[in-house]
Amino acid sequence: MKKIISLLLLSLSIVFVSCNKNGGEEVPPQVVTEGIFILNNGNYASNDATISLYDPENMVISKDIFQSVNGKKLGDMAQDMLVYGSKMYIAMYGSKVLFVTDKSGKIIQMVEIKKDEAVLSPRAIIGHKGKVYITLYEGYVAQMDTVKYESTLAKVGDNPEGLVAVENRLYVANSGGMNFTQGKDYGNTVSVVSLDGTIREIETIEVVKNPTKLLVNIRGEIYLISMGDYESVPNTLQRIDSKSHDVQILTDRPVTYMSMSSDSKLYFISAQYDENWNAITSVGVYNTISSTMEADFIADGSIIKNTPTSISVDPVTNDVYIGTSDYVSEGDMYVFTKEAKLKHTFGTGGLNPVGAFFVMGLK
């Protein structure tokens, strides 16, 4: 989840302490993770994306809940998911639709975002100040209200992927991922989009080529993965200063996926291949407050099988969820405690898990 989760935790935990009839203080409710949705991307053009629901307390997975509650398939190429307020938003890239559902997965609205009658392809989603923002692979970012689901578009770079919000600006990664089909190079910019008045691009920041994923910590510092060109330029973890827009490379390890904990630790997956094309996976931890690299995460000798496809951190417990896939059969999810010990492994109920998405409440 690509939001400043700590703010949500704070808002959930603020309560007024009152006196009971015996004069004692009431115990404030505790923030808990009520459920975890697992979004499975599926295979290209196969109409086989799914959503599963994991119960972390009982360690039980309910598979394909979207079809169970709606009587229809989720669609083609699930890309991202957002739990925001009382609703959920699911970006279906291949199907070119954004589902708005309640927290059971029941459809409230199917939204097609258009430009000049052409339906656009949603990629990444965030929530910010009561609005939902979506990148669209045709080169736009949309600002959508959460009542009428009407959108305003801003033009950004080629094939935008991830995005984050800092105060009254969006930062959008322009991957240029499809440029190679036209004999052009990958993109190498992050668009700065103003949210003051009319949504519009006001600046671009030059970064390592093929930027894809963005996160922001509690201090408003921006973290970016660029995937490079898959040849001479490696996948690279960078930090962008949200005030000066200076860019710094943080490690020479190739970084593919990342997630931010509630205490602003950045967990990232570094996957390399040996001479026999076997994946060698490690999980690193970068403390974004102290700007230091901590010891690698997995402490109990557990081995991650198959190719990692996602990493997500529970904002309440700081448990770490690592999704894997062999791109043929059901994906797996590895759950580690914050002490880096393997807690549970389960099948995700679909192909190619792209993330775990957390529903929080009070107990």
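Tutor: Start with Asn-41. Its relative accessibility is 10%. The cut-off for buried is under 20%, so Asn-41 counts as buried. This is a predicted model, so every value here is computed from it.

Where does Asn-41 lie? Asn-41 is in the loop between E1 and E2. Now look at what surrounds Asn-41. Leaving out residues up to four places away in sequence, Asn-41 touches Ala-49, Met-77, Ala-78, Gln-79, Leu-351, Asn-352 and Val-354. Asn-41 and Ser-259 are 218 residues apart in sequence. In space their C-alpha atoms are 18 Å apart.

Is Ala-45 buried or exposed? Ala-45 is exposed, because its relative accessible area is 57% and the cut-off for exposed is over 50%.

Another residue with a positive phi is Asn-159. Its phi is about 50 degrees, and Asn-159 is not a glycine. Asn-159 lies in the loop between strand E13 (151-155) and strand E14 (160-166). Asn-159 is buried, with a relative accessible area of 10%.

Next, a strand residue. Ser-270 is found in strand E23, residues 265-273. Ser-270 is buried, with a relative accessible area of 4%. What does the side chain of Ser-270 reach? It reaches the backbone oxygen of Pro-254, at 2.8 Å. Beyond four places in sequence, Ser-270 touches Arg-253, Pro-254, Ile-280, Thr-281 and Ser-282.

Then turn to Met-227, back in a loop. Met-227 lies between strand E19 (222-226) and strand E20 (236-240). Met-227 is buried at a relative accessible area of 14%. Its contacts beyond four places in sequence include Lys-209, Asn-210, Thr-212 and Val-233. Pro-234, Asn-235, Val-255 and Thr-256 are also among them. Take Asn-210 from that list. Met-227 and Asn-210 are 17 residues apart in sequence, and their C-alpha atoms are 5.3 Å apart in space.

Now step back to the whole chain. How many helices and strands does the protein chain have? It has two helices and 30 strands. The radius of gyration is 20 Å, close to the 21 Å that the globule rule gives for 363 residues, so the chain is as compact as a globular protein of that length. Along its principal axes, the C-alpha trace spans about 75 × 50 × 45 Å.

Buried residues make up 54% of the 363 residues. Of the contacts with a separation of 6 or more, 47% join residues 24 or more positions apart. The chain exposes about 16,200 Å², and carbon and sulfur atoms supply 49% of that area. Last, the charges. There are 32 positive and 42 negative side chains, and the centres of the two sets lie 5 Å apart.

Note on methods: Residues are numbered from 1 along each chain as its sequence is written. This is a predicted model: local features need pLDDT of at least 70, side-chain atom pairs count only at pLDDT 80 or more; totals for chains, interfaces and linings use all residues. Side-chain values use heavy atoms; hydrogens and water are left out. Buried means under 20% relative accessible area, exposed over 50%, partly exposed in between (1.4 Å probe, protein chains only). Helices (H or I, at least four residues) and strands (E, at least two) are DSSP runs, numbered from the N terminus. The radius of gyration is taken over C-alpha atoms; the globule rule is 2.2 Å times the number of residues to the power 0.38. Contact means heavy atoms within 4.5 Å. Accessible areas come from the Shrake-Rupley method with a 1.4 Å probe; for residues, only the protein chains shown count as cover. Lys and Arg count as positive and Asp and Glu as negative; His and the chain ends are not counted. The place of a charge is taken as NZ of Lys, CZ of Arg, CG of Asp or CD of Glu. A polar contact is a pair of N or O atoms within 3.5 Å; within protein, one must be able to donate a hydrogen and the other to accept it, and residues adjacent in sequence count only if both atoms are side-chain atoms.
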